[in-house]
Amino acid sequence: MSISFAMAGGRQEATRDVTFSVSPGERIGVVGESGCGKTITGLSLLRLLPEDVAHISGRLDFMGVDLATCGQEELRGIRGRRIGMIFQEPMSALDPVFTVGEQIAEGLRAHGNMSRAEARDRALEALRSVGIAAPEKRYHAYPHQLSGGMRQRVMIAGAMVCNPQLLIADEPTTALDVTVQAQILELLRDLSDRGNMALLFITHDLGVVAETCTRMLTMYAGEIVEDADVDAALEHPLHPYTSGLLRALPRLSARRSALPSIPGRVPVLGQMPAGCRFRQRCPFAVDGCERPQALLDAGNGRRVRCWRFGDLALPGVAA
Amino acid sequence: MAQGSAIIVIGRRLLQAAPVIVLATFIVFGLLKLLPGDVAVTLAGDNATDERIEEIRRIYGLDRPFLVQYGAWLWKAAHGDLSQSILSGEQVLTSIARCFPHTLLIVAMALTLALIVGIPLGAAAAARPNGLVDRAAMMLASIGIAVPNFWLAMILVSLFALRWNIFPATGATAFSVSPADAINHAILPALALAAGGMAEVARQTRGSLLDVMSSQFVRTLRAKGLKTSTILWRHGLKNVAVNLLTVTGLLFNRLLAATVVVEAVFAIPGMGGLIVHAAIQRDFTVVQGVVFAMVVVVILVNLLTDVLCATVDPRIGR
């Protein structure tokens with residue numbers, strides 16, 4: 001699947017050949033720097049990008065339905081009911097003039113006939129299942145009356161109320177305190193385990209991925225550069241960019257030593273280098289890296305977009 | 001507790017209204033005194049001697065200093081007595097009670113028209129920005145704002161009253177006498193008055209709705225699988241309700257002022273006619289009384305608007 005945007009001066013490709021699959025119960029972390037295309041990848045799965053400018057080419061196969069081409073009504077039936085989504089800023093992601101209970105209940109009522117009373121009961125149940133105390137009271141609260149963590153729980157309840165098979169979470173904990181963050185992560189992990197629900201976790205926080213996910217997709221400049229089990233990716237990254245990200249993580253044990261960073265910056269749209277897009281920032285770049293890079297099979301279900309992966313022994317997270 | 005604090009807020013607002021009333025009536029009083037001529041000349045009739053005019057001035061206290069005259073009027077007004085018309089001797093309160101219903105009927109009808117036409121029009125325009133409906137609606141709105149209401153009033157009269165004879169051209173019937181007849185008389189004036197209002201409501205609805213529809217929570221609602229129409233009409237409109245209420249309040253006040261001209265075209269014995277006549281003849285007690293009444297109405301409407309806003313938007317007040 002690729003996404004391009006109609007912009008002044010022609011079509012710009014924002015992501016290229018983002019191919020991956022998600023199995024039930026799997027928790028995939030999508031990581032990468034800002035602007036690498038992870039958020040629009042998430043949005044495109046539900047066709048939430050503005051359709052007049054964003055063009056999706058390729059297939060988005062969801063249990064036999066191609067989300068990229070299916071009709072609006074079919075898409076609407078999948079949104080919320082079979083694929084849920086939560087966002088970064090729970091305050092602006094909730095309608096300020098409706099009570100949180102109403103907002104959860106209406107998601108239910110959008111899919112199939114359901115009486116108000118029944119929807120209300122299910123919404124209360126959903127609030128309880130995300131660990132909100134006194135749901136009867138919170139049901140009638142407006143978003144501004146709740147704390148950030150509570151709002152994100154409400155968002156999750158709203159996304160989970162129809163028991164979707166896939167939940168897309170776009171930086172759901174970035175705007176929260178660290179302690180609240182841990183609670184929300186645990187909640188998401190629990191919910192995924194309980195309902196065998198797949199989770200697509202979009203974040204720039206590798207710590208969050210390590211804690212929550214089973215698999216990790218690393219994206220760089222609109223492409224997937226590495227796809228591996230979290231443990232494998234963290235300990236033995238195969239792509240120099242993944243390795244660079246891991247080494248740039250601050251650690252409490254290494255105070256006062258200079259934090260390694262990746263030099264340079266992400267190439268901008270329209271000025272993508274030929275071949276490996278990370279080449280200009282890569283310490284291992286050699287002649288040959290300017291050739292087009294395919295996502296290579298690295299064994300054990302791993303894939304990496306670097307032709308030198310066999311030659312490099314890259315450092316991961318220091319044990 | 002919530003209710004108690006609401007009453008306190010309303011009470012405070014009413015107290016704040018007192019200086020506004022004093023200031024408004026004082027300014028109008030001053031303007032009247034700055035104008036050449038006074039009511040004594042009119043009262044004395046043609047060919048009256050200067051002595052006679054002086055005498056009349058004395059009788060009505062018009063020879064007293066400006067501030068004393070104003071103070072005397074204010075003192076009585078504060079006690080609920082708006083004095084009498086100097087010319088006709090009628091209690092000003094009685095004149096207002098007779099004229100205000102006519103004006104209120106036209107304004108209320110114009111406001112209703114503006115809302116029931118403007119809101120759907122604006123929402124339809126916002127549903128597809130830059131679409132055909134949007135362009136047509138916004139062009140209509142530009143025309144509605146640009147057309148002067150007295151001109152529209154005359155066109156309406158010449159078409160609907162004179163050529164097709166559907167509605168009466170002039171005059172008014174009291175609502176209490178015959179509601180049907182009163183409404184029939186008020187339709188053309190209300191239409192003439194409403195054109196600008198419809199246009200403004202449509203534009204405001206469109207603008208605020210587009211703002212709301214581009215906000216983050218709309219994406220959440222779409223991700224939940226809600227119909228686009230549900231998002232627009234249920235969430236969109238409730239979110240713009242506060243804006244619309246504010247616009248409605250302001251519009252009411254402006255329509256109230258605009259009736260002066262429209263009432264003149266349709267020869268309606270409303271507040272507009274009352275104040276214009278009184279001002280021409282320097283019948284200052286009537287002018288003061290009408291200004292006083294209008295200021296009170298405007299203040300009450302603003303207060304009502306604020307109270308309604310607080311009930312619609314959970315983030316305001318409480």
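Which helix of chain A is the place of A:Ser129? A:Ser129 sits in helix H4 (residues 116-129) of chain A. This is a predicted model: local features need pLDDT of at least 70, side-chain atom pairs count only at pLDDT 80 or more, and totals for chains, interfaces and linings use all residues. Residues are numbered from 1 along each chain as its sequence is written, while chains are lettered from A and ligands numbered from 1 in the order in which they are written.

**View 1. A:Ser129 in helix H4 of chain A.** Helices (H or I, at least four residues) and strands (E, at least two) are DSSP runs, numbered from the N terminus. A residue is buried if 20 or more other C-beta atoms lie within 10 Å of its own, exposed if 12 or fewer, and partly exposed in between; C-beta atoms are placed from the backbone. A:Ser129 has 19 other C-beta atoms within 10 Å, so it is partly exposed. Its C-alpha atom is separated by 9.5 Å from that of A:Arg153.

**View 2. Helix H6 of chain A and its surroundings.** H6(A) has 13 residues. From first C-alpha to last it reaches 18 Å, close to the 18 Å expected at 1.5 Å a residue. (The expected span is 1.5 Å times one less than the number of residues.) The helix is mostly covered, with 12 of its 13 residues buried. Among them are A:Arg151, A:Arg153, A:Met155 and A:Ala157. The buried residues pack against strand E7 (83-86), H3, H4, strand E8 (166-170) and helix H7 (178-195) of chain A. Contact here puts the C-beta atoms of two residues, placed from the backbone, within 7 Å.

**View 3. The largest nonpolar core.** A nonpolar core is a set of buried Ala, Val, Leu, Ile, Met, Phe, Trp, Tyr and Cys residues joined through C-beta atoms within 7 Å. The largest has 80 residues. A:Ala157, A:Ala169, A:Leu199, A:Leu200 and A:Phe201 touch the most other members. Helix H6 (residues 148-160) of chain A gives the most to this core, with seven residues. Another core lies apart from it, with 45 residues, including B:Val107, B:Ala114, B:Leu209 and B:Leu245. Which residues does A:Leu199 touch, not counting residues up to four places away in sequence? They are A:Arg27, A:Ile28, A:Leu167, A:Ala169, A:Leu188 and A:Ser192.

**View 4. Where chain A meets chain B.** On chain A, 23 residues are in contact with 17 residues of chain B. Two elements of chain A give two or more residues to its side of this meeting: helix H2 (72-78) and helix H3 (100-109). By class, that side has 10 nonpolar, seven polar and six charged residues. Ala, Val, Leu, Ile, Met, Phe, Trp, Tyr, Cys and Pro count as nonpolar, Asp, Glu, Lys and Arg as charged, and the others, Gly among them, as polar.

**View 5. Chain B as a whole.** Chain B has 12 helices and zero strands. Its C-alpha trace spans about 85 × 60 × 35 Å along the principal axes. Of its 318 residues, 35% are buried. Among contacts in chain B with a separation of 6 or more, 74% join residues 24 or more positions apart.

**View 6. Helices H10 and H12 of chain B.** The axes of H10 (residues 228-266) and H12 (residues 284-312) come within 9 Å and cross at roughly 170 degrees. Axes are lines fitted to C-alpha atoms, for helices over the stretch in contact, and angles run from 0 to 180 degrees between N-to-C directions. The two helices are therefore roughly antiparallel. Angles under 35 degrees count as roughly parallel, over 145 as roughly antiparallel, 65 to 115 as roughly perpendicular and the rest as oblique. H10(B) contributes residues including B:Leu245, B:Gly249 and B:Phe252. H12(B) contributes B:Val297, B:Val301 and B:Leu308, among others. By class, the contact has 12 nonpolar, five polar and no charged residues.

View 7. A:Ala221 counts as buried because it has 23 C-beta neighbours inside 10 Å. Is B:Ser83 buried or partly exposed? With 17 other C-beta atoms within 10 Å, B:Ser83 is partly exposed.
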